[in-house]
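Me: I want to learn how to read charged contacts in a model. Can you take me through it step by step?

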Amino acid sequence: MAFNTLYEMVRHSVSEFASRIAFSMFEGDDVTYAEAGLRIEKVQQILTGAGLRAGDKVALLSSSMPNWGICYFAVTSAGMVAVPILPDFSGEELDMIIEHSEAKALLVSDKLFTKLSKTTIERLNVVVRTKNLGVIAQHVHGEGSTAVPQPDDLAAIIYTSGTTSKPKGVMLTHAALCAQVQLSSSIFPVEADDVFLSVLPLSHTYECSIGLIYPFSMGARVVYMDRPPTATALMPALRAVRPTVMLIVPLIIEKIYRHQVLAKFNSTRMWRTLYRIGFMRRYLHRVAGKKLMKLFGRRLRFLGIGGSKLDGGAEKFLLESGVPYAIGYGLTETAPLLAGAAPSQVRLGSTGPQAPGVTLRLENVNPETRQGEIVARTPSIMLGYYKNPEATAEVFTSDGWFRTGDLGEFDKDGWLYIKGRLKNMILGPGGENIYPEDIESVLNSHVCIADAIVTEQEGRLVALVHFNRDEIETMIDDWREEWNTKKEAWEAKTEQLKKEIMDFVNAKVARFSRISEVVEEKEEFVKTPTQKIRRFLYNRKKGDAQPDDTSFKNPKEE
């Protein structure tokens with residue numbers, strides 16, 4: 001069934017699936033669709049009792065729980081505008097986002113409430129605790145009102161966690177968000193009996209659109225965890241929930257691949273020899289895949305991966321192991337899905353063809369590489385960036401298509417291959433297009449590397465790496481007697497590894513993509529709330545000004 005607004009969708013689901021379970025907390029309570037409807041009404045009464053009206057902004061700052069979705073649907077189906085905020089922003093960033101969005105109310109979880117300043121709290125009409133929907137503070141009492149939203153009405157403003165610039169508020173309409181239901185179902189149908197295990201922040205567009213709105217529209221059940229998805233926390237949840245659908249970012253599956261699969265097959269000379277033989281590697285991957293599917297509860301139908309580029313080695317493992325995975329492509333500005341394929345259709349390295357209803361094309365195509373910037377026309381396009389017309393104008397072509405900022409190419413069947421971000425591309429000395437993401441994929445496949453980025457310094461390619469300390473210390477324990485201290489052993493081993501890594505990478509990349517130096521980053525890379533490295537902090541040239549990543553200036557004031 002097609003919906004034009006979230007109001008229509010919520011009314012339909014609450015009525016049609018009343019007795020079914022909509023949301024659950026792992027090892028906690030279940031919430032039926034009927035109960036969700038009652039809680040939605042309660043939140044709306046609190047907001048209108050604090051003087052809020054249709055069109056007013058309501059910030060939603062909470063960890064994942066059943067009441068997150070209830071609060072989101074309460075705001076949007078009342079004709080108000082939800083402002084979901086990623087929980088990993090700093091306190092200063094949170095204050096700025098709430099002020100910039102002009103939010104009049106805040107729905108917040110307990111731990112995140114303590115990150116906000118007293119000034120921010122006092123400026124709001126009402127603050128509501130998401131855990132029990134109780135009022136924490138109310139500064140305005142008045143008779144507000146709701147309204148039935150129209151398809152083109154603003155439903156949400158989502159602040160991006162940009163790796164290269166300050167956050168921007170992406171404005172999405174009801175029609176844009178509802179179109180994601182149709183796009184998703186045309187690629188992979190969800191049924192009422194499906195069970196989602198949610199491990200990503202709901203304020204991430206990917207999880208909100210495909211992991212909340214989509215299953216709610218179909219009568220499915222979503223289970224939330226009350227802690228980060230570390231291996232210790234995730235294992236018992238997988239065994240108990242036995243999900244049929246999960247959405248993850250590459251980091252999760254890459255950790256499983258590196259620390260469980262690759263580490264095992266690199267542990268001895270015999271394993272390394274067997275793993276290099278094609279048919280043996282495929283056999284070993286199938287065996288490992290069966291163990292992984294058992295770990296997931298044996299019911300998994302769809303493992304959706306999105307948010308950033310997946311390491312090539314990890315994807316080859318998934319493909320050969322028989323795990324039903326698929327890689328989607330999209331952006332916050334497109335709510336997010338632009339391209340994707342069902343698990344039965346995946347092709348190594350591709351995100352799949354353009355989604356039904358979406359049109360993609362390439363601009364400024366390099367005739368030699370056949371690569372160009374991906375531009376999109378989609379029913380889920382944003383209205384623009386909130387209070388930032390200059391930035392909005394920059395991302396649209398003269399004929400109204402959205403510039404993704406991603407470089408890609410299509411094969412003869414129309415399948416899309418993402419090469420990297422246009423802003424990240426490095427021009428080689430001979431005019432070659434060098435994509436740091438491709439080199440980083442090779443770097444990150446090394447068992448001793450936890451994270452890496454490639455930068456250009458004085459015409460040379462330099463790899464900044466953060467080592468996998470546990471893996472290296474295991475090696476050190478085997479031969480530390482040769483050194484007086486563990487520190488000496490660590491320094492000696494990392495110096496040796498730098499040369500090994502350089503040889504490892506340069507043997508696998510094109511001549512013009514070879515790195516000249518490996519530099520250790522002792523501290524973990526600074527990342528966005530969606531776990532992407534903030535590149536601008538490491539790409540900065542000597543003498544460059546420090547970028548302003550948190551300020552929200554009104555363009556009219558500049």
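Reply: A salt bridge is a side-chain nitrogen of Lys or Arg within 4 Å of a carboxyl oxygen of Asp or Glu. The structure holds 25 of them. This is a predicted model, where local features need pLDDT of at least 70, side-chain atom pairs count only at pLDDT 80 or more, and totals for chains, interfaces and linings use all residues. Residues are numbered from 1 along each chain as its sequence is written, and side-chain values use heavy atoms, leaving out hydrogens and water.

Me: Which residue does R39 pair with?

Reply: R39 meets E35 at 3.0 Å, N to O. Both sit in helix 2 (residues 33-49), 4 residues apart, about one turn of the helix. Helices here are DSSP runs (H or I, at least four residues) and strands are too (E, at least two), numbered from the N terminus.

Me: Is K498 buried or exposed?

Reply: Buried means under 20% relative accessible area, exposed over 50%, partly exposed in between (1.4 Å probe, protein chains only). K498 is buried, at 18%. Its salt bridge partner is E495, with the closest N and O atoms 3.0 Å apart.

Me: What does the bridge between K309 and D438 tie together?

Reply: The closest N and O atoms of K309 and D438 are 3.8 Å apart. K309 lies in the loop between strand 13 (302-305) and helix 13 (312-321), and D438 in helix 15 (residues 436-444), so the pair ties together parts 129 residues apart in sequence. K309 is partly exposed at 39% relative accessibility, and D438 is partly exposed at 26%.
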